[in-house]
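Hi there,

Here is the structure I promised to send over. Have a look at it first, and then read on for what turned up in it.

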Amino acid sequence: MRPEGPDVHLYRRMAAALTARIRRLTGADDRTLAEMYRQFEPLGVAAGLPPRNEQARREWIKRSLEHEINFGAFSPNGELAGHCFLAADGPGSAEMAVFVHQNFRNQGVGRQLIRAAIQEACRKHIQRVWTMTSADNLAALALLKRCGFRTTQRSVTAFDLELELEPACAAAAPHGATD
Ligand SMILES: CC(C)(COP(=O)(O)OP(=O)(O)OC[C@H]1O[C@@H](n2cnc3c(N)ncnc32)[C@H](O)[C@@H]1OP(=O)(O)O)[C@@H](O)C(=O)NCCC(=O)NCCS
């Protein structure tokens with residue numbers, strides 16, 4: 001019997017984790033991203049992202065790929081399973097966005113992507129990574145807390161979270177975990 005109801009994630013946690021191949025994304029990956037986001041569900045859930053409108057989505061993908069810290073997670077079959085990027089918004093500060101295709105959720109893909117992005121942020125001497133999520137996005141909240149983010153502000157509908165990076169993390173961030 002398929003598990004249903006609020007505890008469904010507990011059952012999914014028991015499923016084997018997906019060891020994704022994490023690699024940097026560049027402007028040349030726009031079609032691959034467009035394909036993943038075309039089928040992405042739900043669209044518009046994270047502050048209107050990914051955009052529901054196809055043209056707006058294409059432009060958003062193009063802009064997102066302009067950010068230096070940009071990673072994709074690929075399944076063993078080579079499908080793009082998720083995308084994470086950091087948008088610099090001031091000296092030493094960047095906003096993080098992470099999206100995992102619904103076919104690959106609850107298998108640790110989000111965590112692997114965030115880990116890669118944070119390691120790169122360390123290497124680039126970013127001191128603060130922050131993000132926002134709606135209060136009912138329990139998966140995002142669980143993932144962010146698991147990755148060390150702490151809540152800086154909360155309202156009935158939304159959470160602001162941030163991760164402060166130690167100055168020493170640049171030296172500790174491994175090289176070669178991604179290509
Ligand atoms: C949020 C998102 C990126 C998570 O990606 P993912 O690959 O499923 O993440 P992971 O598998 O690494 O971790 C998910 C965690 O959420 C937990 N989770 C999932 N559903 C849950 C629920 N309903 N209640 C509580 N926890 C839940 C999982 O158990 C897991 O935690 P664990 O590692 O402690 O077991 C993905 O759901 C997504 O793309 N959502 C739509 C876009 C979005 O909301 N982006 C984030 C905006 S900040």
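**What is in the chain**

The chain contains six helices and seven strands (DSSP runs numbered from the N terminus, H or I of at least four residues for helices and E of at least two for strands). Read from the N terminus, the elements follow the order α-β-α-α-β-β-β-α-β-α-β-β-α.

Please keep in mind that this is a predicted model: local features need pLDDT of at least 70, side-chain atom pairs count only at pLDDT 80 or more, and totals for chains, interfaces and linings use all residues. Residues are numbered from 1 along each chain as its sequence is written.

**The sheet**

The seven strands make an open sheet, ordered β1-β2-β3-β4-β5-β7-β6, with mixed pairing (two strands pair if DSSP finds at least two bridges between them). At the edges are β1 (21-24) and β6 (150-154), each with a single partner strand, so one side of each has no neighbour in the sheet. On average, neighbouring strands are turned by 25° against each other, direction ignored (axes are lines fitted to C-alpha atoms, for helices over the stretch in contact, and angles between N-to-C directions run from 0 to 180 degrees).

Strands β3 and β4 are antiparallel and share eight bridges, and Gly82 has Val100 in β4 as its bridge partner. Their hairpin has two residues between the strands, and Gly92 there takes a positive phi near 70°. By contrast, β4 and β5 run parallel and are joined by three bridges, with Glu95 opposite Trp130 in β5. The path from β4 through α4 to β5 is a right-handed β-α-β crossover (with the strands pointing away from the viewer, the path from the first strand over the helix to the second runs clockwise).

On to β5 (residues 128-134) and β7 (residues 158-164): these run antiparallel and are joined by seven bridges. Arg128 stands opposite Glu164 in β7. Helix α5 (residues 138-146) lies across both β5 and β7, at about 160° to β5.

How many of the 15 residues of α4 are buried? The count is 12, where buried means that 20 or more other C-beta atoms, placed from the backbone, lie within 10 Å of the residue's own. Among them are Val109, Leu113, Ala117 and Ala121. For the chain of 179 residues, the buried share is 31%. The 15 residues of α4 should span 21 Å at 1.5 Å a residue, and the end C-alpha atoms are 21 Å apart, which agrees (the expected span is 1.5 Å times one less than the number of residues). Just after α4, His125 takes a positive phi of about 60°.

The largest nonpolar core has 32 residues, and Cys84, Leu86, Leu113, Ala117, Ala121 and Val129 have the most contacts inside it (such a core is a set of buried Ala, Val, Leu, Ile, Met, Phe, Trp, Tyr and Cys residues joined through C-beta atoms within 7 Å). The biggest contribution comes from α4, with eight residues. Beyond its neighbours within four places in sequence, Leu113 is in contact with Ile22, Phe71, Ala73, Gly82, Cys84 and Val98 (contact means C-beta atoms, placed from the backbone, within 7 Å). Apart from this core lies another, of six residues, including Ala140, Phe149, Phe159 and Leu161.

Best wishes

Definitions and conventions. Contact = placed C-beta atoms within 7 Å.
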